[in-house]
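Please find below a colleague's note on the model under review. It is arranged as numbered points, each of which may be checked against the coordinates.

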Amino acid sequence: MTQQAAGQFELGTDGPKQILVGVDDSTTSLRAAAYAAGLARRQGAGVTVVFVAPVASMGAATPGGAGLVAAQREAVGQIAEGLRRRTEEASRDLGISITFIVAEGDAYTQLRRIADEIRADAVVVGASAQAGHRLIGSLAVRLVRAGRWPVTVVP
């Protein structure tokens, strides 16, 4: 093995130092966050928790749709705020660095973008409970296929 130039980044060489975890307030995503926090505590790593809000639906184009979109945004905002509070508590309780990010759009696209931006060397997500994902592929499968980071899927 050749020695890298000083300061050059290499993913996952000494265990994860920056872990990205995707959360959506589902049971499996919260388990994934707990797993990532425990791994970070043991490894001395930082954690970036990412909540990806869905893009407003096409319901806005229908009569009364603006009210629907406003209600969706309010619900998503409440979920994000609750997750932010839990993240801050976990950071304090476990003594680890946790950053919370809210993004909007496609979960795969946003998690991939943020993982690249923060130079994550591990990605943790919860297993999907949606039946349709057996046919079209889950978020976890798409992340694994990207082949950019080790991906842990928590049941």
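1. The structure is a predicted model. Its local features should be read with that in mind.

2. The main core. The largest nonpolar core comprises 21 residues, and those with the most contacts inside it are Ile19, Val21, Val47, Val49, Phe51 and Val124. Two or more residues each come from strand E1 (18-23), helix H1 (27-43), strand E2 (46-53), helix H2 (65-94), strand E3 (98-104) and strand E4 (122-126). Helix H1 gives the most to this core, namely five residues. In general terms, nonpolar side chains of soluble globular proteins tend to be buried together.

3. Surroundings of Ile19. Leaving aside residues up to four places away in sequence, Ile19 touches Ala36, Leu39, Ala40, Ala45, Gly46, Val47, Thr48, Ala122 and Val124. A second, separate core holds 15 residues, including Ala103, Tyr108, Ala120 and Val125.

4. Helix H1. Buried positions in H1 are Thr28, Ser29, Ala32, Ala36, Ala37, Gly38, Leu39 and Ala40. Just after the helix, Gly44 takes a positive phi of about 70°.

5. Which residue has a positive phi of about 75° although it is not a glycine? That residue is Asp25, found in the loop between E1 and H1. Arg119 also deserves attention, with a positive phi near 60° in a residue other than glycine. Arg119 is found in the loop between helix H3 (107-118) and E4. Its relative accessibility is 43%, and Arg119 therefore counts as partly exposed.

6. Salt bridge of Asp25. A search of the whole structure finds six salt bridges. In one of them the side chains of Arg86 and Asp25 meet, at 3.3 Å from N to O. Arg86 lies in helix H2 and Asp25 in the loop between E1 and H1, so the pair ties together parts that are 61 residues apart in sequence. Is Asp25 buried, exposed or partly exposed? With a relative accessible area of 32%, Asp25 is partly exposed; Arg86, at 42%, is also partly exposed.

7. The side chains of Arg73 and Glu104 meet in a salt bridge of 3.3 Å, N to O. This pair links distant parts of the chain, with Arg73 in helix H2 and Glu104 in strand E3, 31 residues apart. Glu104 has a relative accessible area of 38% and is thus partly exposed.

8. Glu81 forms a salt bridge with Arg84, and the closest N and O atoms are 3.9 Å apart. The cut-off for such a bridge is 4 Å, so this pair is within it. Both residues lie in helix H2, three residues apart, or about one turn of the helix. An α-helix has 3.6 residues a turn, so residues three or four places apart point the same way. Glu81 is partly exposed, with a relative accessible area of 37%, and Arg84 counts as partly exposed at 30% relative accessibility.

Methods:
Residues numbered from 1 in each chain as written. Predicted model: local features only at pLDDT ≥ 70, side-chain atom pairs only at ≥ 80, totals over all residues. Heavy atoms only, no water. Core = buried A, V, L, I, M, F, W, Y, C linked by side-chain atoms within 4.5 Å. Buried < 20%, exposed > 50% of the residue type's maximum accessible area, 1.4 Å probe, protein only. Helix = DSSP H or I, 4+ residues; strand = E, 2+ residues; numbered from the N terminus. Contact = heavy atoms within 4.5 Å.
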